[in-house]
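Here are my notes for you, point by point. Keep the viewer open while you read, and look for each spot as it comes up.

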Protein chains: 2
Amino acid sequence: MQRTTVVLLLAFSAATFALDNGLMRTPPMGWLAWERFRCDIDCQDDPKNCISEVLFRDMADRLAEDGWRELGYVYVNIDDCWSSKERDAQGRLQPDPKRFPSGIANLARYVHDRGLKLGIYGDLGTYTCGGYPGTTLDKIKIDAQTFADWGIDMLKLDGCYSNATEQEKGYPLMTKALNATGRPIGYSCSWPAYQGGLPPNVNYTLLGEICNLWRNYGDIQDSWESVLDIVDWFTDHQDILQPAAGPGQWNDPDMLIIGDYGLSMDQSRSQMALWAIMAAPLLMSNDLRTLNSGARAILQNKVAIAINQDPLGIQGRRLIKEKSGIDVFWRPLSDGASALVFFSRRTDMPYRYQTSLKALNYTAGTYKVYDVFTEKPLPELKDATEFVVSVNPTGVVMWYVYPFAKWQEEVESVGFRNERTGSRFYRKEPKAHSPVVL
Amino acid sequence: MQRTTVVLLLAFSAATFALDNGLMRTPPMGWLAWERFRCDIDCQDDPKNCISEVLFRDMADRLAEDGWRELGYVYVNIDDCWSSKERDAQGRLQPDPKRFPSGIANLARYVHDRGLKLGIYGDLGTYTCGGYPGTTLDKIKIDAQTFADWGIDMLKLDGCYSNATEQEKGYPLMTKALNATGRPIGYSCSWPAYQGGLPPNVNYTLLGEICNLWRNYGDIQDSWESVLDIVDWFTDHQDILQPAAGPGQWNDPDMLIIGDYGLSMDQSRSQMALWAIMAAPLLMSNDLRTLNSGARAILQNKVAIAINQDPLGIQGRRLIKEKSGIDVFWRPLSDGASALVFFSRRTDMPYRYQTSLKALNYTAGTYKVYDVFTEKPLPELKDATEFVVSVNPTGVVMWYVYPFAKWQEEVESVGFRNERTGSRFYRKEPKAHSPVVL
């Protein structure tokens with residue numbers, strides 16, 4: 001009888017608090033303003049880059065017209081500094097009238113008309129981090145309703161200017177409030193980042209119930225040092241973080257800075273590969289209007305995206321940290337496939353790393369291997385075969401690995417073909433979730 | 001009479017020790033193996049990248065055929081790990097017979113036939129840093145003679161496995177020995193890097209007399225962190241280092257890593273700009289066979305090179321270190337011209353920096369300004385006019401600045417024209433040392 005009570009209580013608790021939007025069964029993909037455009041509100045001297053409806057329309061145009069949407073990059077997300085310094089007469093948040101003269105509902109329509117979704121930013125506290133009106137506990141319902149009324153599809157709720165008690169109340173209350181609007185709104189919680197990201201302060205079971213994604217750690221900056229710091233933190237704590245992720249609930253190591261100013265091409269591939277392994281949200285913060293072709297190719301790499309979007313939604317792990325400065329990451333994927341990333345922390349020259357699939361815990365058998373960034377298949381590989389990969393300094397080699405037996409089965413039954421290259425790596429009609437098949 | 005004695009003594013001392021090769025009146029330019037290829041001696045598994053005559057012939061071909069030589073990049077420099085582990089029967093250094101089967105004299109001929117110069121590496125000590133035979137004090141004469149016999153044009157003398165006393169004797173002794181060969185051999189001394197780079201351990205007056213260039217600080221690595229660390233050290237000690245440089249005697253902040261794995265495009269422009277301001281040797285360590293076009297354009301930027309190679313040979317300085325993270329560097333050039341670099345240490349987004357030439361100590365007047373990396377002239381600028389430059393994170397804006405009055409004079413008397421673009425930025429027949437004229 002005691003057990004029954006517990007189960008009933010849990011069921012009740014879930015009914016009360018659990019996020020009920022059915023969204024983000026794979027990590028969300030899109031664009032987010034913050035890292036690249038920050039709180040630039042100087043539309044007089046910097047009209048192309050200031051936080052305004054022009055910027056978000058520009059990015060929506062690019063997502064829709066430059067092949068991003070079809071790859072899954074559908075969120076156009078506003079961050080801080082969008083609002084007026086005052087709420088309106090009814091106590092509702094309102095956008096800055098000079099920078100968003102058409103209003104957010106109109107912007108949402110513009111975005112939706114292009115097959116995209118609009119995200120917005122709030123802050124559980126007296127002020128947002130940038131000093132704009134915050135969402136104090138008494139404002140949670142009205143703000144959720146305002147966002148829903150506007151046609152918002154995703155909310156990032158930051159935590160500046162609030163204390164631990166307010167956060168503990170507020171983040172679940174927003175879940176309830178969003179549920180109550182009846183509009184499916186993806187919910188990104190900055191809560192754990194304000195609690196140090198680790199138990200006992202952070203309860204990842206609860207987070208998985210009330211948020212679709214959550215920021216565990218500090219903000220990314222436009223530097224390799226920052227990317228590496230984030231990767232190290234997430235990897236050092238992978239035993240805690242990795243089990244917390246799954247369909248509808250994701251750890252968020254923050255935005256992709258590929259295409260900005262601080263990463264080399266190798267470092268850009270590393271961020272893409274490691275974010276894919278980590279099942280991280282792929283929210284680019286860059287200027288899609290001026291993106292160089294190298295960055296575009298990395299961000300639009302179909303196999304890296306397919307790995308990130310694998311429907312099993314199992315976050316990957318670091319398997320090995322070698323003294324040589326090579327780390328090996330691994331992520332299990334659907335249909336018995338998996339992804340491997342050989343990552344070099346070295347800063348000298350390409351390193352020839354020797355290993356075998358067997359040494360990386362693969363079961364006996366023959367595997368098909370596809371090199372994600374050279375976009376080429378490799379010779380079939382037996383588990384015990386020793387191989388050498390040459391890994392560039394601060395770069396990666398990323399593999400999609402598939403059991404040969406399964407591959408034969410699939411080819412015979414479906415007949416895969418990559419439309420672009422004519423080679424056999426994609427389903428004939430690729431879906432966002434379809435595994436990459438060698 | 002006392003003054004006469006001092007003068008005579010100085011004259012005697014100079015006659016004894018001063019480097020007498022007339023070389024490197026502007027900072028040497030070329031290619032050096034170390035940072036990119038290190039001590040890779042695995043010609044079996046890595047034949048294209050191992051330290052061998054093939055690698056140096058490849059680089060000579062590229063320097064000669066891809067437009068580098070004409071820009072001044074003429075040195076092809078061998079670094080550590082070229083030699084056999086044993087001296088020959090006559091006690092002379094000899095190259096590894098498997099990796100340099102044709103010998104160094106033949107390689108020198110190959111390089112000279114292409115209008116280039118060959119540099120080699122030695123180490124004042126028991127062993128080189130990589131464990132190959134060193135040049136102990138008793139071997140200085142014979143090694144200098146061997147290098148001269150082979151047709152070597154430049155020597156980098158490292159300092160592993162020797163103590164301060166040996167270095168104090170050895171570095172000047174090599175100067176004498178090189179003079180004695182009668183062959184002009186540029187002389188790069190690692191001595192100060194082994195003494196902490198600063199007085200009282202380091203005597204920059206003496207270094208200027210006995211070496212053409214010297215490594216003051218640690219080895220560069222393939223990362224922005226390393227570039228920034230080097231820039232900071234050289235700038236923090238600029239009051240000591242800047243006066244030590246001049247025609248024939250240069251501070252060496254180490255190799256250019258542009259085109260390798262660790263720098264973004266903005267960071268690459270920053271290294272090029274700051275090395276130009278510092279009147280640093282421009283010794284690329286990259287793979288010229290596979291260089292991407294972005295890196296190539298930066299390394300082949302004619303105005304950046306002209307600034308680096310200015311015949312006055314006055315090293316530049318940091319003028320201002322702003323709290324905003326903007327540093328301003330300045331270098332005086334011949335004909336009243338100068339170079340300015342606005343450098344951002346920020347890692348967020350482009351920063352709009354406002355200042356005026358007057359605030360940067362320019363004398364009253366009107367100036368012509370040419371933006372080095374956009375390769376465009378700017379509107380004429382009065383000293384008191386406030387202007388804004390937008391500087392990318394970890395990036396630079398670099399200007400060549402020229403007094404308007406001088407420009408008018410020159411245009412009337414010579415009629416400048418840029419051969420490539422047809423615009424008026426270069427002399428009709430540009431020489432390595434000719435100033436860039438707006």
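1. Start with the disulfides: searching the whole structure over all chains turns up 8 of them, where a disulfide is a pair of cysteine sulfur atoms within 2.5 Å. In general terms, a disulfide is a covalent bond between the sulfur atoms of two cysteines. Number the bonded cysteines of chain A in sequence order and the pairing reads 1-4, 2-3, 5-6, 7-8.

2. Before going on, some ground rules: this is a predicted model, where local features need pLDDT of at least 70, side-chain atom pairs count only at pLDDT 80 or more, and totals for chains, interfaces and linings use all residues. Residues are numbered from 1 along each chain as its sequence is written, chains are lettered from A and ligands numbered from 1 in the order in which they are written, and side-chain values use heavy atoms, with hydrogens and water left out.

3. Now find Cys39(A) and Cys81(A), a disulfide pair with sulfur atoms 2.0 Å apart. The S-S torsion of Cys39(A) and Cys81(A) is about -115°, so this disulfide is left-handed. Cys39(A) sits in the loop between helix H2 (34-37) and helix H3 (53-65) of chain A, and Cys81(A) in the loop between strand S2 (75-77) and helix H5 (104-113), so the pair ties together parts 42 residues apart in sequence. (Helices, H or I with at least four residues, and strands, E with at least two, are DSSP runs numbered from the N terminus.) Is Cys81(A) buried or exposed? Cys81(A) is buried at 0% relative accessibility, while Cys39(A) is partly exposed at 28%. Here buried means under 20% relative accessible area, exposed over 50%, and partly exposed in between, using a 1.4 Å probe and protein chains only.

4. Over in chain B, Cys39(B) and Cys81(B) are joined by a disulfide, S to S 2.0 Å. The torsion about the S-S bond of Cys39(B) and Cys81(B) is about -115°, so that disulfide is left-handed. Cys39(B) counts as partly exposed at 29%, and Cys81(B) as buried at 0%.

5. What is the handedness of the disulfide between Cys129(B) and Cys160(B)? Its torsion is about 100°, so the disulfide is right-handed; the sulfur atoms of Cys129(B) and Cys160(B) are 2.1 Å apart. Cys129(B) is in the loop between strand S3 (117-123) and helix H6 (140-150) of chain B, and Cys160(B) is in the loop between strand S4 (154-158) and helix H7 (164-181), so parts 31 residues apart in sequence get tied together. Cys129(B) is partly exposed at 33%, whereas Cys160(B) is buried at 17%.

6. Follow the chain into H7(B). This helix has 18 residues and reaches 26 Å from first C-alpha to last, close to the 26 Å expected at 1.5 Å a residue; the expected span is 1.5 Å times one less than the number of residues. Its buried residues include Gln167(B), Tyr171(B), Met174(B) and Leu178(B). At the start of H7(B), a side-chain oxygen of Asn163(B) comes within 3.1 Å of the backbone nitrogen of Thr165(B). Just after H7(B), Gly182(B) has a positive phi of about 80°.

7. Next, the insides. The largest nonpolar core has 112 residues, and among those touching the most other members are Trp31(B), Phe56(B) and Trp275(B). (A nonpolar core is a set of buried Ala, Val, Leu, Ile, Met, Phe, Trp, Tyr and Cys residues joined through side-chain atoms within 4.5 Å.) A second, separate core of 111 residues includes Leu71(A) and Trp224(A).

8. Zoom in on Leu118(B), in strand S3 of chain B. Leu118(B) is buried, at 0% relative accessibility. Beyond its neighbours within four places in sequence, its contacts (heavy atoms within 4.5 Å) include Val76(B), Ile104(B) and Met154(B).

9. Finally, where the chains meet: chain A and chain B each put 24 residues into the contact. Together they bury about 1,900 Å², 55% of it on carbon and sulfur atoms; buried area is the accessible area (1.4 Å probe) that two parts lose on being put together, summed over both. In chain A, Tyr261(A), Thr347(A) and Met349(A) lose the most area to chain B, together 33% of what that side buries.

Note on methods:
Polar contact = N/O pair within 3.5 Å; in protein donor to acceptor, adjacent residues only side chain to side chain.
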